[in-house]
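Visitor: Hello! I am new here and would like to learn how to read the features of a structure, one at a time.

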Amino acid sequence: MAKILVTGAAGFIGSHTVDHLLAAGHAVVGVDNFRTGRRENLAVALRAPAFSLHEFDVAQLDALDRLVAKERPAAIIHLAALVSVQESIADPELNFRLNVQATQFVAEAARRHGVARVVFASSAAIYGDTTDLPIRETAAKMPISPYGAAKLASEALLLGHGTAYGFTVRCQRYFNVFGPRQDPASPYTGVISIFERRYREGQAVTIFGDGGQTRDFIAVRDVARANVLAATHPGLAPGAANICTGRATSLLEIAAIFAQLRPGAPAPVLAPMRPGDIRHSLGARAVAAAELGFTAPTSVADGLAELVATSRT
Ligand SMILES: NC(=O)c1ccc[n+]([C@@H]2O[C@H](COP(=O)([O-])OP(=O)(O)OC[C@H]3O[C@@H](n4cnc5c(N)ncnc54)[C@H](O)[C@@H]3O)[C@@H](O)[C@H]2O)c1
């Protein structure tokens with residue numbers, strides 16, 4: 001069993017990744033500064049002797065380096081980031097510090113202390129608003145936000161360092177992740193998290209446009225499993241893969257599933273489409289299947305049922 005360091009461990013995807021690593025018998029060193037993450041997300045992990053949690057900013061010079069020097073993990077899963085496209089547009093300097101500078105510190109720490117593998121939380125945002133679907137990894141990279149640009153720059157930084165200094169880098173291009181622990185209070189959270197809270201509170205959801213817009217929604221439990229595979233699967237070659245389902249689901253379909261799970265909820269309210277909203281997004285999943293042996297078996301209906309079952313009523 002390996003020792004894995006996870007940045008952003010107290011976040012939505014990070015805490016599920018920690019839980020899956022511990023369940024698979026690995027030792028986990030978590031890092032978070034609680035910028036958007038929460039200690040409650042790690043309630044189960046904090047009881048495990050194989051887990052330790054360190055509170056600091058990964059974009060702060062030398063902080064990560066000292067921890068990696070001490071712990072000597074076999075792999076780093078780098079999830080800590082400024083996660084909002086809107087916030088990256090409002091504060092591009094902060095986006096650079098948290099989403100590019102921090103990645104450089106991860107690459108440096110891996111190089112200096114012989115970390116064999118780095119797994120990076122990339123995003124479908126690197127592709128921009130392409131209409132050529134499903135999006136393959138070879139599609140043009142045309143980010144339309146500082147956030148997407150920083151993810152693309154981070155991929156290049158890590159892959160270049162990995163090749164030059166002999167460690168394996170896996171870039172995980174997540175599509176729309178949903179599930180328990182996604183913060184519905186955040187102004188930047190995903191649509192499913194907002195819908196879940198509105199349905200739970202008996203309020204009507206607002207759909208901008210006709211509800212026919214589609215996304216590739218992937219359950220966080222599947223994303224966590226993909227992270228474990230990328231960090232631990234033997235003999236992986238460096239590269240980048242979409243972490244998606246390859247299935248498109250419309251907002252009307254999401255609302256219909258919620259209506260079944262929460263009978264008596266008011267019907268959605270339709271509002272004018274917002275300028276700049278992307279109509280359809282869908283990932284091609286073949287590369288992750290071939291390289292990681294990864295498929296995303298959880299249907300949106302099953303993922304939503306789990307979300308509703310675990311949320312406060
Ligand atoms: N949720 C999605 O649909 C999605 C899609 C594509 C990519 N991603 C990427 O996945 C990763 C995890 O996202 P998430 O949805 O779990 O968000 P999240 O906000 O729940 O998790 C991010 C975590 O990183 C921590 N963090 C942020 N900056 C830090 C810093 N400088 N030092 C230490 N800790 C720091 C936060 O406190 C938080 O716990 C991010 O890199 C994000 O860009 C997420």
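Visitor: At what angle do helix α1 and helix α7 pack?

Guide: Helices are DSSP runs of H or I with at least four residues, numbered from the N terminus. Axes are lines fitted to C-alpha atoms over the stretch in contact, and angles run from 0 to 180 degrees between N-to-C directions. Here α1 (residues 12-23) and α7 (residues 220-232) pack at about 60°, their axes 8 Å apart. That angle makes α1 oblique to α7. Angles under 35 degrees count as roughly parallel, over 145 as roughly antiparallel, 65 to 115 as roughly perpendicular, and the rest as oblique.

This is a predicted model, in which local features need pLDDT of at least 70 and side-chain atom pairs count only at pLDDT 80 or more, while totals for chains, interfaces and linings use all residues. Residues are numbered from 1 along each chain as its sequence is written, and side-chain values use heavy atoms, with hydrogens and water left out.

Visitor: Which residues of α1 and α7 meet?

Guide: Contact means heavy atoms within 4.5 Å. From α1 come Phe12, Ile13, His16, Thr17, His20 and Leu21, and they meet Val220, Arg221, Val223, Ala224, Arg225, Asn227 and Val228 of α7. By class, this contact has 7 nonpolar, 4 polar and 2 charged residues. Ala, Val, Leu, Ile, Met, Phe, Trp, Tyr, Cys and Pro count as nonpolar, Asp, Glu, Lys and Arg as charged, and the others, Gly among them, as polar.

Visitor: How do α2 and α4 pack?

Guide: The axes of α2 (residues 63-71) and α4 (residues 92-112) are 9 Å apart, at an angle of about 30°. These two helices are therefore roughly parallel to each other. Leu64, Asp65 and Val68 of α2 make the contact with Phe105, Val106, Ala109 and Arg112 of α4. Its residues divide into 5 nonpolar, no polar and 2 charged.

Visitor: And which residues come nearest to the ligand?

Guide: A residue is near a molecule if one of its heavy atoms lies within 4 Å of it. There are 27 residues around the ligand, and Phe12, Asp32, Thr36, Asp57 and Tyr147 come nearest. Phe12 also takes part in the meeting of α1 with α7.
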